[in-house]
Amino acid sequence: MSGDPHRAALGRRSALRGRARRAVFLCYHSVTDDGPPYLSLSPATLESQLRILASAGYSSGTRSDLDELAAGRGVGRRAFLTFDDGFADTADTAMPILREAGFAGMAFLLPAHLDAGAPLDWPDVAGEAKRRPQLMRSVDWAMAEQLAGAGWAIGSHGISHRRMPNLSDEELTEELLDSRRRLADRFGACDMLAYPFGDWDERVAAAAAAAGYEFAFSLPFGEQKEATRLSIPRVMVDDRDVSWRFRAKLTRFGREALFSPLRPVVRKMLRRRPHSHAE
């Protein structure tokens with residue numbers, strides 16, 4: 001591993017590894033009734049999850065908390081509520097729900113989509129964009145400013161939601177630098193990144209560091225043994241995560257298992273009918 005402090009592997013006790021009880025990193029997308037399976041959860045389910053977090057003593061994780069955790073300092077229990085893609089309902093629905101519960105989130109946006117609240121229609125979700133055109137659209141710049149005004153941190157999700165490990169060096173640099181520049185021009189700073197699809201590798205992490213990002217989030221769908229400031233693993237949350245399943249994901253054992261070779265076993269144990277709204 002390089003001597004670069006951004007890329008150095010975090011120790012087993014570091015809260016940024018996503019295993020420690022004092023910090024949980026959760027990944028959300030759309031908040032709506034009857035949204036796309038695996039990409040959404042209902043407002044009622046989100047409200048229930050926030051009540052669980054509050055009752056367990058969690059408060060919102062912030063950008064400054066990341067610095068404290070990276071330095072090994074304690075900040076109390078923190079829930080980092082990250083929202084990828086910039087669905088319009090992040091501002092219309094999720095923000096008021098979080099505000100009412102005393103939380104704020106982190107929104108990872110696609111600047112090229114913000115000019116006119118463009119459709120979220122990259123190839124992997126093109127079918128959903130056709131079926132749900134009103135849902136599958138981005139926040140615009142005014143909505144993003146509302147999020148920032150409500151205390152949300154704003155970060156980059158790239159420009160065009162492409163799998164970064166598949167890009168050439170030139171394409172990768174463009175995705176990282178252009179998105180960061182456009183968001184920083186509007187909000188004053190942008191040094192956090194959520195990899196599209198949560199997909200990354202060492203080359204991508206090095207490019208993110210070179211582009212000026214201080215922290216970046218992954219989304220493991222398999223084993224992730226180590227973590228760095230530029231590969232902080234998150235737990236995916238969707239409408240299958242009714243109360244008992246969500247509580248299981250908050251436990252240290254649950255997160256250790258989700259980021260380990262045991263993941264297929266854990267997924268089988270947690271499996272439910274997709275996109276149930278039952279509590």
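Modeller: This is a predicted model. Let us begin with L81. Leaving aside its neighbours within four places in sequence, L81 is in contact with L26, Y28, L50, L53, L98, F103, A104, G105 and M106.

Colleague: Which residues touch the most other members of the largest nonpolar core?

Modeller: L53 and L81 do, in a core of 53 residues. Helix α3, residues 88–101, gives the most to this core, contributing six residues. Another core lies apart from it and has 19 residues, including A20, L66, M106 and F215.

Colleague: I would like to turn to charged side chains. How many salt bridges does a search of the whole structure find?

Modeller: The general idea is that side chains of opposite charge can pair when their charged atoms come close. In this structure the search finds 20 salt bridges. One of them joins the side chains of R78 and D65, at 3.0 Å from N to O. This pair links distant parts of the chain, with R78 in strand β5 (residues 78–84) and D65 in helix α2 (residues 63–70), 13 residues apart.

Colleague: Are R78 and D65 buried or exposed?

Modeller: Both R78 and D65 are buried. Compare E68 and R73, which form a salt bridge with their closest N and O atoms 2.7 Å apart. E68 has a relative accessible area of 28%, so it is partly exposed. R73 likewise counts as partly exposed, because its relative accessibility is 44%.

Colleague: Which residue forms a salt bridge with D169?

Modeller: The partner is R203, and the closest N and O atoms are 2.6 Å apart. Here too the pair links distant parts of the chain: D169 belongs to helix α7 (residues 169–187) and R203 to helix α8 (residues 202–210), 34 residues apart. D169 is exposed, because its relative accessible area is 52%, and that value lies over the 50% cut-off. R203, at 32% relative accessibility, counts as partly exposed.

Colleague: Which residues are linked in a network of salt bridges?

Modeller: R63, D67 and D191 are linked in such a network.

Colleague: How does one describe the packing of two helices, and at roughly what angle do α6 and α7 cross?

Modeller: Two packed helices are described by the angle between their axes and the distance between the axes. For helix α6 (residues 141–149) and α7, the axes come within 11 Å and cross at roughly 65°. The crossing of α6 past α7 is right-handed. In this packing, W141, A144, E145 and A148 of α6 meet R182, L183, R186 and F187 of α7.

Definitions and conventions: Residues numbered from 1 in each chain as written. Predicted model: local features only at pLDDT ≥ 70, side-chain atom pairs only at ≥ 80, totals over all residues. Heavy atoms only, no water. Core = buried A, V, L, I, M, F, W, Y, C linked by side-chain atoms within 4.5 Å. Buried < 20%, exposed > 50% of the residue type's maximum accessible area, 1.4 Å probe, protein only. Helix = DSSP H or I, 4+ residues; strand = E, 2+ residues; numbered from the N terminus. Contact = heavy atoms within 4.5 Å. Salt bridge = Lys/Arg side-chain N within 4 Å of Asp/Glu carboxyl O. Axes fitted to C-alpha atoms, helices over the stretch in contact; angles between N-to-C directions. Left-handed = near helix turned anticlockwise from the far one by under 90°.
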